[in-house]
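Open the model in your viewer and keep the sequence panel beside it. The tour moves by selection: pick, look, move on.

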Amino acid sequence: MNLDNTTLTQELNDPILNTGLYIILTTDEDDARPVYISGNFNNWRTQDKEFMMEKIGNNVYHYKFLHDFDYPVKLLYKFTKGDWSEVEIDSDGTRTENRSTLNHTGIQKEHVARWRKNWLPFKQSFLPQVQLISDEFIIPQLNKTRKIWALLPHDYDNSSESYPVMYLQDAQNLFNESAEFGNWEIDKKLAVMSEYKIGKIIIIAIEHAEEDRIKEYNVGKTVLGKGQGKKYIRFVTDTLKPFVDSNFRTKKEREFTGIGGSSMGGLVSIFSGLRNPEVYGKLMIFSPSLWVVPELKINAVKANTADTKIYLYAGGDESETMIEHIKSFKDNLVSSEFVKDKSKINLSINRQGKHSETYWSDEFPKAIEWLFFNTKET
């Protein structure tokens, strides 16, 4: 329904409101995205259809808690457009604190000035420290050198904390503003996550091999020919990780160590996890190039992989076989018991998603949050 002010006033004066809590939300910004209320009453789930607010006018929404609702003593909540990447913010683009009320009946009026979109805008003061580890880091397994970066939490120098680590491929496209095809904006996304007190993580960004990129990320013999992927994996696992653990304050254990990438970078990350489950407990796989028909040997016996978490993403507008391939890969992981608990695999599909940095950028903070910081109490 679409109410005018007179009708809305009559609604709010209805005696039935005394039988439950009635929340009225107004907002300065509005669009077609639905509005949800999330809180300590539903484990902070952001797309809980039971708590989707009804639009009752221009920029006006409402939600009525039923009279028999099991309230926490103190109700804590926030408004989102369906995800923490699209949560409410104030007029200056700053995070808002949790809202709260002790009331279980009556009217609670709330207002949202703005909404985040794809985790932006960000605050400069929360940007990660970007440190060039080396212009020419030696890769003994391939007799090459490579440029490698570390993105450290913004307050790394003022802290004694140790952090989980994610190793990412294709550093040229992760935070480089002049990247030819755009970039993931991981520095900006990490800034916003840090503002929300999630995402305190070290990212190790490894540049690809330019013209030898496909050869280096190709594991074994595939339709692309014989690759050097096994040697590249040995470099990241046996050479780079020990260096990082020795030079930065890291949580070294597998449950705090992840590897990921997109396209061919996603493919080599799959193999890294399958071949070294004792090292990598988190895999972030975006649009993997499974079309190259790799020989995937999923060995569930090699290590205790019960707590391995795998975030899979695919776009429906990438290729005719992308979604089919990634669903099949997920089924193989489950049937092989490499991941014994289905809840440890998050399959995210965007039917409109294309094979591009724009969509991987959107997925990055969701994947990092789910893999390492799976809590909604922000």
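This is a predicted model: local features need pLDDT of at least 70, side-chain atom pairs count only at pLDDT 80 or more; totals for chains, interfaces and linings use all residues.

Two strands count as paired if DSSP finds at least two bridges between them.

**Stop 1: the three-stranded sheet.** Select β2, β5 and β7. These 3 strands form an open sheet in the order β2-β5-β7, with antiparallel pairing. β2 (36–39) and β7 (99–101) stand at the edges. Each has a single partner strand, so one side of each lacks a neighbour in the sheet. From one strand to the next, the twist averages 40°.

Now zoom in on β5, residues 75–80. It runs antiparallel to β7, and 3 bridges join the two. Which residue in β7 is the bridge partner of Y77? Select R99: that is the partner.

**Stop 2: the four-stranded sheet.** Select β3, β4, β1 and β8. The 4 strands form an open sheet in the order β3-β4-β1-β8, and the pairing is mixed. At the edges stand β3 (54–57) and β8 (106–112). Each of these has a single partner strand, so one side is left without a neighbour in the sheet. Here the twist averages 30° from one strand to the next.

Show E54: opposite it, in β4, stands H62.

**Stop 3: helix α4.** Select residues 229–247. How far apart should the ends of this helix be? At 1.5 Å a residue, its 19 residues should span 27 Å; the end C-alpha atoms are 26 Å apart, which agrees. Look along the helix for a bend of about 35° at L240. A proline, P242, follows within four residues.

Next, colour the buried positions of α4. Among them are Y232, I233, F235, V236, L240 and V244. The buried set also includes T237, K241 and D245.

Stop 4: Centre on I204. Leaving aside neighbours within four places in sequence, I204 is in contact with I133, I148, W149, A150, V165, M166, Y167, L168, L240 and V244. Two of those names, L240 and V244, are also buried residues of α4.

In soluble globular proteins, nonpolar side chains tend to be buried together.

Technical notes. Residues are numbered from 1 along each chain as its sequence is written. Side-chain values use heavy atoms; hydrogens and water are left out. Axes are lines fitted to C-alpha atoms, for helices over the stretch in contact, and angles run from 0 to 180 degrees between N-to-C directions. Contact means heavy atoms within 4.5 Å. The expected span of a helix is 1.5 Å times one less than its number of residues. The bend at a residue is the angle between axes fitted to the seven residues ending there and the seven starting there. Buried means under 20% relative accessible area, exposed over 50%, partly exposed in between (1.4 Å probe, protein chains only).
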